[in-house]
Amino acid sequence: MALLQRPFFVLLLVLTHQFMQYWIAFGSVNEEGQKQEEEFNEELLLKPLPDRKVLAHFHFQSSAPPSTSNGRHHHIFPKAISQLVQKFRVKEMELSFTQGRWNYESWGGFDPIPSSNAKPPGVELWAVFDVPQHQIDASWQNLTHTLSGLFCASINFLESTTTYSAPEWSFPPASGNLRYGTLPREAVCTENLTPWLKLLPCRDKAGIAVLLDRPSIYRGFYHSQRLHLTSTGSGSEGMVSGIILEQTLTVVLQPNSQRAGMAYASERHIQPSWSLTSIFGKQVSGTCVLAKSSNVYLLLDRGLVAELEHLHKENEKSAENGFTSQNFWTKPSFELSADPDRIFIEENSLHSKGSSVLYKFQVEKYSESEPFDLSLTWKIPVVWLSQQAPLHASRFLMGSGNERGAIAISLKSTQLSEGFMGANADDERCDLQVNVFQVVPWYVKVYFHSLQVFVNQQPKAISDIIEKIHVSPSKDKVSPGVMEMVLKLPCKVNSAALTIEFDKGFLHIDEYPPDANQGFDIPSAIISFPNFHASMIFLKDDSVNKSPLLSKFQEKSPVMSYTEALLVPLTTPDFSMPYNVITITCTVFALYFGSLLNVLRRRVAEEERFLKEKAAKKTGRLSLLLSKLSAKLRGRQWEPPSSPPASSSFINAKLVFKVILVAGLAVGWQYFFS
Amino acid sequence: MPEISDSDSSKLPDNASKVPPQPQSQPDFDPKLMRETKPGLKRLFLTLTVLFSFLLGFPFLWKSVEIYRSPLPFREIDSLLTQLRSDTLLFPLHFHALFIGFDSDPDRIRLSILSEITKVTSQNPKCSNNYTLSVTVDFGPRCLRFPISSPHSISYQCGSITATDFVQNDDVAVDEKLESVFSGKTKEYSVVVVKGESEKAVVGKYRHAWMVVGGGWEMEIAAVKVAEVLVKVFVNGGREEGSIRNEFMPVGADGKIVLSFNLLNADPRDWVYDWDFRKIDDGLLATMIDALGPVANISVESQVLYHTPKASFSYWNQKLESHVFSNKDLPFFVNSNEWHLDTSIAAGGRSKILQFVVYVPSAKECPLLLQLPNGEISKTNGFISPMWGGVIVWNPQGCLKDSENKPTAGHRIPMQDLENMFEVFIGQFRQIFGFKSVNVYAGASGVWNLLPSERGFTVWEVDVLSRQHTCFNLHSCATTLGSLSRLVQSLPRMIIMDEIGKQVKLSLEAAKLAQSNASSGVYESSAASSRKARSLAEDSFFHPSIMSVSYYSFEHCFAVYSPFFLPVSMHIGLAALRELRRYKKEKAKYLAWKAKSNTAS
């Protein structure tokens with residue numbers, strides 16, 4: 001094997017150097033009998049966003065082909081991940097750590113990036129297992145513990161059956177063996193990023209990952225770190241299945257305005273010019289030598305391209321027929337510091353808006369002496385809008401008080417996609433299909449019968465709108481409630497809303513988290529549009545297929561969006577309450593006991609006589625006055641006490657003695673216990 | 001007095017009950033000092049009953065707030081500890097000495113060898129051996145045996161080994177011959193002493209040694225040498241006495257070892273080397289893993305890591321034309337920040353992971369050599385760290401940086417280099433187990449050649465390891481259980497689950513079984529049950545319920561119950577005290593009156 005391989009490698013070396021593109025075609029044909037190698041690709045996509053921010057999307061992909069030694073011997077692929085896949089028989093898994101919320105309104109909701117990389121805040125984990133049905137839960141629990149150790153996060157809280165659920169069909173990779181769980185409150189920081197980087201062969205020492213400067217990343221508005229792995233079917237008998245590990249990091253950053261001194265009135269409309277150095281504080285000084293390809297892309301989305309074309313048309317006034325990428329590049333409204341190696345234009349013009357443009361830069365051409373620092377300088381002010389998902393989803397709580405409330409999901413038609421849907425609008429029976437998947441923790445007791453649907457603010461019969469519904473009610477302290485729905489809305493819908501009422505449950509005192517007064521999170525609902533596919537199809541070309549990022553873009557995945565996570569305040573008890581109750585009850589009991597005992601051993605006649613004697617003796621000033629007063633109040637004649645007053649020193653001595661006794665007890669107690 | 005006294009009428013006939021006593025009628029009757037009726041007992045009785053029932057309730061309360069503690073067999077743990085500490089674990093061993101061409105009495109030889117053995121044997125504080133020796137003198141067709149009925153000497157066919165077998169110079173062939181003659185029997189260590197021309201002493205790779213001695217050799221000298229090879233080599237594995245390393249076994253509590261091989265490319269920008277690890281795994285390592293089967297269950301993993309510089313600097317040595325890393329900096333060679341060797345997910349939680357690292361230096365430190373403390377350069381260019389693993393520095397051929405500035409992942413470490421490296425690794429692995437890798441054993445009485453095994457470990461070395469493994473496991477189990485019992489006894493309010501009690505019981509049972517198996521010479525099962533005992537002991541010690549700090553403290557108990565018991569006990573106590581005092585006072589009054597009335601009447 002080795003003898004065969006080494007000449008072949010030399011051949012590859014020569015080939016890769018010059019004929020990179022032919023090599024793959026050649027290699028894939030020839031590798032029929034050969035052993036495939038582990039591969040690693042690194043890519044970065046930059047995209048200006050309409051609200052003066054920049055999106056940076058890092059995409060690292062490692063793959064291990066089916067082999068007999070997966071999980072034991074590895075060259076580039078991380079051993080830990082491979083062992084995890086082998087041990088828990090994971091077919092597909094996705095783990096994401098997110099901080100901040102994706103702003104669907106201004107950053108778009110239709111592209112492949114938001115629909116597969118916008119994630120709910122905190123941790124989201126789902127996994128599909130290749131094990132018999134009864135072992136899935138055990139596998140899931142072990143997997144959460146392993147991941148928790150691997151990524152320094154409290155993923156192990158997903159172990160409890162109250163935190164995860166098994167969606168039947170509404171979650172996109174729907175399958176019976178799927179488990180889904182989220183931890184909305186998990187804080188994400190560097191300690192999660194470092195183990196994630198450790199899975200890359202070059203970590204952040206070389207290649208594109210050098211840009212991951214911690215302060216700049218975590219200063220951003222949105223930060224989502226994702227790990228997706230798919231195990232590909234094993235090639236033949238005895239082979240362990242191959243794995244494709246896809247690690248993405250999506251950040252939305254605000255570039256520091258380079259021309260801070262300029263004070264135009266129109267400054268607000270001018271998009272900030274940025275460069276890699278100004279965003280990340282670093283620049284790429286070469287590739288990771290282990291990467292098969294190392295590319296940086298700049299993506300201008302459909303809205304921006306359409307706007308630029310429009311501006312171009314206006315400025316030039318010379319009605320040229322059609323815009324090709326060439327003249328777009330030569331007469332640009334912005335300037336790039338480096339020449340792109342290739343320009344891709346999106347192929348399908350299904351959208352009247354225009355097609356997005358992708359500039360490709362190969363990092364291989366740059367070196368330490370000549371680092372790659374892409375910068376983009378706008379020449380004219382541009383304003384555009386990103387393409388939205390057909391409906392904008394938001395979720396909120398209704399009602400007040402600590403007893404009951406209601407969850408509402410409101411879907412609003414986005415103005416932008418109106419025209420897009422208008423194509424089908426003529427058809428009377430045009431429907432817009434919306435899938436809703438929502439998990440509710442058990443202490444939020446949802447009444448499914450109270451589900452109400454409003455379309456265009458008119459209440460509608462549920463059966464008219466909801467085509468399919470699957471509900472698995474929550475069990476107290478056992479499992480969360482899951483609601484899966486398929487809605488069929490008319491295409492011309494302006495707004496739709498779903499409301500469902502719930503009662504707030506009571507938790508046992510042990511079940512409250514340490515900061516119970518903050519409230520309890522309801523995980524984000526997932527709204528997906530199965531009829532709309534977020535894909536960008538570029539010209540069929542080998543180089544497109546070769547890039548994992550671009551081939552990812554071409555995949556037809558349904559448009560998906562997450563709603564906000566809700567915060568429900570529950571009645572939180574006073575946590576010292578048990579002690580208070582104990583103390584009060586004990587005191588009452590003690591009083592009862594004491595008085596009962598006193599009554600039992602009381603000698604009424606003796607006491608009366610004693611009192612009389614005492615009264616006869618005692619004539620203090622005060623008591624004299626008191627007895628006078630009481631006699632007056634009773635309306636009787638006052639009889640002066642017969643005997644002379646006795647000194648009260650005896651009572652005082654007793655009092656003093658008691659005080660001393662108590663003090664002595666206290667001192668003794670202190671002494672004994674310290 | 002309004003006191004009710006039922007015995008008034010019967011006891012005091014003078015003061016008729018019909019006529020209540022009139023204090024006024026008797027001039028010297030002072031109501032403060034005397035009373036005419038007997039003081040009543042009803043209230044006193046009542047309060048005392050309450051007090052007693054209150055006191056009686058305490059044991060019940062105590063019982064009800066008691067926390068659950070599974071009864072642990074403290075006494076048995078202690079007895080195991082003392083047993084292992086005082087009388088050491090005895091492993092039975094059988095030695096067989098065969099003399100060919102000698103003309104002496106086997107009984108005399110046996111006695112002299114035995115006396116030599118007792119001289120050489122040092123007392124191991126933990127585990128020792130209980131040996132039996134049989135001696136055979138072969139005259140060709142017949143032989144003399146002593147002890148005559150020993151099953152070990154009787155199974156030897158007289159005349160099956162002759163002096164001519166040893167004439168040839170091929171030690172391996174002789175070893176195989178001896179194995180074929182002695183095999184198929186119980187485990188015994190045999191030494192063959194032959195009279196011949198040349199002198200030679202060899203220890204084979206099975207359980208045999210032979211010695212060719214010249215004509216003029218005395219029996220006594222031969223006996224000394226035989227005793228030494230038996231004790232120092234076969235029993236102690238040729239290791240030095242008192243070395244700390246001998247006491248530790250790099251085997252996990254579950255009896256597993258994971259060998260994690262890592263190829264570290266310090267700077268992949270200079271060059272990237274890969275290896276064909278699978279070939280090594282299938283070839284060299286598989287046989288060694290197979291040989292060590294009785295001691296540990298070994299699995300192998302490998303990975304290649306990049307951008308992993310070492311943590312300390314080397315200096316340029318002009319004379320050697322290379323970078324030299326001095327011995328005193330070795331602790332700083334391993335860079336735990338950058339070398340993310342990681343533990344293995346595939347391995348269970350208690351497996352021992354040994355890391356073996358091949359370090360490929362970057363171009364600017366390329367021929368990197370390790371210096372020994374005496375100033376010489378290490379031949380293996382590697383070092384070990386006990387209980388962690390080993391490191392080898394491998395310098396690429398010529399240290400030439402690629403002329404092309406594209407170092408692709410095409411380089412492979414040549415197979416020859418890789419094999420050499422893995423031989424060093426096996427040596428390091430042996431060293432971690434405490435064995436030397438030289439093929440000569442120099443004892444006090446002479447030099448023995450040791451035949452190396454192609455399996456990495458010879459049969460008698462594996463025997464030594466498995467005995468040591470059993471011994472180590474048993475001691476570790478006993479100390480773990482001992483600490484557990486001390487911990488449990490020192491925290492009286494710690495909850496102890498039933499599961500822990502069960503684990504402790506099972507662990508003790510397994511330890512007993514291991515002891516009995518060891519003393520009857522069944523090494524495999526004793527190693528297995530000692531492993532089980534240790535693993536169960538660790539399980540019970542690291543049980544999650546012990547780890548939690550939420551045990552029910554006395555302060556907590558006091559805080560909950562004191563609001564009730566403090567006031568109530570005060571009431572009851574005071575009431576009882578008052579009643580008692582009053583009763584005494586009243587009784588004294590009554591007695592005073594009685595005395596007075598007696599004197600009066």
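Between domain 2 and domain 3 of chain B, about 610 Å² is buried, of which carbon and sulfur atoms give 64%, buried area being the accessible area (1.4 Å probe) that two parts lose on being put together, summed over both. In domain 2 of chain B, the residues that lose the most area to domain 3 of chain B are Gly456(B), Phe457(B) and Val462(B), which together supply 82% of what that side buries. The model is a predicted one, in which local features need pLDDT of at least 70 and side-chain atom pairs count only at pLDDT 80 or more, whereas totals for chains, interfaces and linings use all residues. Residues are numbered from 1 along each chain as its sequence is written, chains are lettered from A and ligands numbered from 1 in the order in which they are written, and side-chain values use heavy atoms, with hydrogens and water left out.

The domain bounds, which come from an automatic or database domain assignment, divide chain B into domain 1 (41-64 + 554-600), domain 2 (89-242 + 456-462) and domain 3 (256-433). Five residues from domain 2 of chain B and nine residues from domain 3 of chain B take part in the contact, where contact means heavy atoms within 4.5 Å. One salt bridge is found by the rule across the interface of domain 2 of chain B and domain 3 of chain B, a salt bridge being a side-chain nitrogen of Lys or Arg within 4 Å of a carboxyl oxygen of Asp or Glu. A salt bridge also joins Arg430(B) and Glu461(B), whose closest N and O atoms are 2.8 Å apart.

Two residues of chain B were examined individually. Arg110(B) is found in helix H4 (residues 106-120) of chain B, helices (H or I, at least four residues) and strands (E, at least two) being DSSP runs numbered from the N terminus. With a relative accessible area of 17%, Arg110(B) is buried, the classes being buried under 20% relative accessible area, exposed over 50% and partly exposed in between (1.4 Å probe, protein chains only). When residues up to four places away in sequence are not counted, Arg110(B) touches Leu133(B), Val135(B), Phe146(B) and Pro147(B). Gln303(B), in strand S9 (residues 297-306) of chain B, counts as buried because its relative accessibility is 8%. Apart from its neighbours within four places in sequence, Gln303(B) is in contact with His74(A) and Lys79(A), and also with Phe261(B), Asn262(B), Leu263(B), Trp275(B), His340(B) and Leu341(B).

Between chain A and chain B, the contact takes 52 residues from chain A and 54 residues from chain B. The area buried between the two chains is about 4900 Å², with carbon and sulfur atoms giving 57%, and the count of salt bridges between chain A and chain B is seven. Arg72(A) and Asp281(B) form a salt bridge in which the closest N and O atoms are 2.8 Å apart.

Chain A contains 19 helices and 26 strands, and buried residues make up 48% of its 674 residues. Among the contacts in chain A with a separation of 6 or more, 76% are accounted for by residues 24 or more positions apart. In helix H7 (residues 190-197) of chain A, the buried residues are Asn192(A), Leu193(A), Pro195(A), Trp196(A) and Leu197(A); their cover includes strand S2 (54-64), strand S3 (90-99), helix H6 (136-151), helix H8 (214-218), strand S7 (222-232) and strand S8 (242-253) of chain A.

The domain assignment of chain A gives domain 1 (57-254), domain 2 (257-388), domain 3 (391-534 + 555-568) and domain 4 (577-608 + 642-674). The C-alpha centres of domain 1 and domain 3 of chain A lie 25 Å apart, and the contact takes 28 residues from domain 1 of chain A and 40 residues from domain 3 of chain A. These two domains of chain A, domain 1 and domain 3, bury about 2600 Å² between them, 61% of it on carbon and sulfur atoms. In domain 1 of chain A, Phe110(A), Trp169(A) and Arg185(A) lose the most area to domain 3 of chain A, together 27% of what that side buries. Three salt bridges are found by the rule across the interface of domain 1 and domain 3 of chain A.
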